Amino acid sequence: VDGSARQLAAGSTLADAVASLGLHPRAGDLVDVTGVTLRPGVYPGTVLVDGAAVAANDRLRSGDRLRLQAGPDRTEPVTVRRVPVSGGEPADPEYYLGRVPGEEVTVQGKISGKVASSAFHATGAAIVPHAVALTFDDGPWPGQTMRILAILRRLHAPATFFVVGDLAEHFPQLIAAERRTPGVLVEDHSWTHPLVPPFGEQRPKTVRFQIARTLQTLTAESVHATLFRPPGGGWSDTVVAIASSLGVRLVLWSVDPRDWAAGATAKGVAHSVLTHVHAGSIVIMHDGGGDRTATIGALPRIIHGIRHRGLRLVTIEP
């Protein structure tokens, strides 16, 4: 019995062995969709004879091997609910503005009512607005962030700032200035902006820390971030899943004027943006991470140029 030699009278049945040897395999539980026990011990275990299930009145033979097999834990039945989302949802990760029609599929426990999963499934083509989103990374940065905010206020241009958490902690006054500027969103760009290895190859524990620590810092500054831009644009399915579990969605970009590159000029940055921008574009620029004189000089020309094309400027939706 489970590897231990036990003695029985000749001619004993399996039922005799169960009674005389006290063989009581563990019964399995009914659990809910999150793994919490709803009803303990409702699925009986089995005593196997030489690896097979036999009838209780089957007679045992000398040398038979009995094994106690625990009853299975079974998960409660589920219900699946599908709700059409006519307005759609943005992609995750998002490279362009737009919403994709689809349906929200929710799986719930039939007994507990707990939600096992909730996911959005696209069912149609993206609906792209006649608009462009300007975004700024790697701040807040003393001097430069305030100059960019001043241009945005003067030209009534909305923008989304993806901030680095440790800088946000050091310069809370700049986060407050961003938060006070009409049309400006403040979002998560990691805690320390790690680039080696690429963010999509970072350990899950590191990814979670980088996102969560910045979210905590922004919350302390009365900012409720719902978006995350990974450093260098590096992502993986693991990064998307961790970000989603923390309540944020990944946002990347479709137009990159490389305003961070050595030798960048205001004229070159503006030309690069206005050459490539179109309805639905997400433009990445930088207010931190180095000298951004070229970005600041290009910004008014970029804003006027986008509007001259009949495109609106918008922030990125949560």
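Modeller: Three strands make up an open sheet with mixed pairing, in the order β2-β1-β5. This is a predicted model, where local features need pLDDT of at least 70, side-chain atom pairs count only at pLDDT 80 or more, and totals for chains, interfaces and linings use all residues. Residues are numbered from 1 along each chain as its sequence is written, and side-chain values use heavy atoms, with hydrogens and water left out.

Biologist: What makes β2 and β5 the edge strands?

Modeller: Each of them, β2 (37-43) and β5 (74-75), pairs on one side only.

Biologist: How do you know that β1 and β2 pair?

Modeller: Pairing takes at least two bridges found by DSSP between the strands. Three bridges join β1 (residues 28-31) to β2, so they pair, and they run antiparallel. In general, strands of a sheet pair through backbone hydrogen bonds, either parallel or antiparallel.

Biologist: What does the secondary structure come to overall?

Modeller: Eight helices and 15 strands.

Biologist: Why is leucine 14 called buried?

Modeller: Its relative accessible area is 6%. Buried means under 20%, exposed over 50%, and partly exposed is in between (1.4 Å probe, protein chains only). So at 6%, Leu14 counts as buried. Leu14 belongs to helix α1 (residues 14-21), and the residues it touches include Val47, Val54, Leu60 and Leu66, leaving aside those up to four places away in sequence. Touching, or contact, means heavy atoms within 4.5 Å.

Biologist: What makes strand β10 mostly covered?

Modeller: Five of the five residues in β10 (residues 159-163) are buried. Ala159, Phe161 and Val163 point one way, while Thr160 and Phe162 point the other.

Biologist: Which strands does β10 have bridges to?

Modeller: Four bridges join β10 to β9 (residues 131-139), and five join it to β11 (residues 184-188). β10 runs parallel to β9 and parallel to β11. Phe161 is a handy landmark: it stands opposite Phe136, and its bridge partner in β11 is Val186.

Biologist: What is the handedness of the β-α-β unit of β9, helix α2 and β10?

Modeller: Right-handed, with α2 covering residues 144-154.

Biologist: What makes a nonpolar core?

Modeller: Buried Ala, Val, Leu, Ile, Met, Phe, Trp, Tyr and Cys residues, joined through side-chain atoms within 4.5 Å. The largest one here has 48 residues, and Leu134 and Leu152 touch the most other members. Helix α8 (residues 293-308) gives the largest share, seven residues. A second, separate core of nine residues includes Ala131, Phe162, Val251 and Ile282.

Terms used: Helices (H or I, at least four residues) and strands (E, at least two) are DSSP runs, numbered from the N terminus. A crossover is right-handed if, with the strands pointing away from the viewer, the path from the first strand over the helix to the second runs clockwise.
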